[in-house]
Amino acid sequence: MDVVRQRVVLRGVVQGVGFRWWCAGTAKPMGLTGYAENLDDGRVKVVAEGTAASCARLVDVLRSDDTAGRVDEVLVEWEEPSGSFRSFGIR
């Protein structure tokens with residue numbers, strides 16, 4: 001099972017609405033590790049490591065209407081996995 005890493009930046013109403021906590025609660029059951037953090041410009045960054053299928057499923061959920069807040073834009077970049085995460089956390 002190959003591990004991949006994605007960095008997702010989300011724009012919309014994603015701060016002050018429990019989005020990072022919702023994201024962690026969504027990512028953990030998918031077997032993903034990483035974190036969600038607020039950015040200074042009002043966006044949220046999500047870094048996730050796991051299988052390609054789980055990472056793709058997370059992006060699908062992030063693009064859906066079933067998130068905390070409102071997501072207007074989802075930017076995804078694939079990176080080399082670090083293997084340094086033990087769980088999915090909030091920063």
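Mentor: G34 stands opposite F88 in β5, and the strand to follow from here is β2, which spans residues 33–38; helices (H or I, at least four residues) and strands (E, at least two) are DSSP runs, numbered from the N terminus. This is a predicted model, in which local features need pLDDT of at least 70 and side-chain atom pairs count only at pLDDT 80 or more, while totals for chains, interfaces and linings use all residues. Residues are numbered from 1 along each chain as its sequence is written, and side-chain values use heavy atoms, with hydrogens and water left out.

β2 and β5 run parallel and are joined by 3 bridges, where two strands pair if DSSP finds at least two bridges between them. They belong to an open sheet of 5 strands with mixed pairing, in the order β4-β1-β3-β2-β5. β4 and β5 stand at the edges with a single partner strand each, so one side of each is left without a neighbour in the sheet. From one strand to the next, the twist averages 15 degrees, with axes fitted to C-alpha atoms (for helices over the stretch in contact) and angles running from 0 to 180 degrees between N-to-C directions.

Further along β2 comes E37, which counts as buried because its relative accessibility is 18%, the cut-offs being under 20% for buried, over 50% for exposed and partly exposed in between (1.4 Å probe, protein chains only). Leaving aside neighbours within four places in sequence, E37 is in contact (heavy atoms within 4.5 Å) with R20, R43, V44, K45 and R91.

R20 leads on to helix α1, residues 19–27, where the buried residues are F19, R20, C23, A24, T26 and A27. Seen down the axis of α1, these fall within an arc of 165 degrees, so they line one face of the helix; the arc is that of the directions from the helix axis to the C-beta atoms. The buried residues of α1 pack against β2, and also against β1 (4–13), β3 (44–50), β4 (70–79), β5 (88–90) and α2 (52–62). As a whole, α1 lies across β1, β2, β3, β4 and β5, running at about 175 degrees to β5, whereas α2 lies across β1, β3 and β4, at about 5 degrees to β1.

The two helices α1 and α2 pack at an angle of about 140 degrees, their axes 11 Å apart. In that contact, F19, W22, C23, T26 and A27 of α1 meet L58, V61 and L62 of α2.
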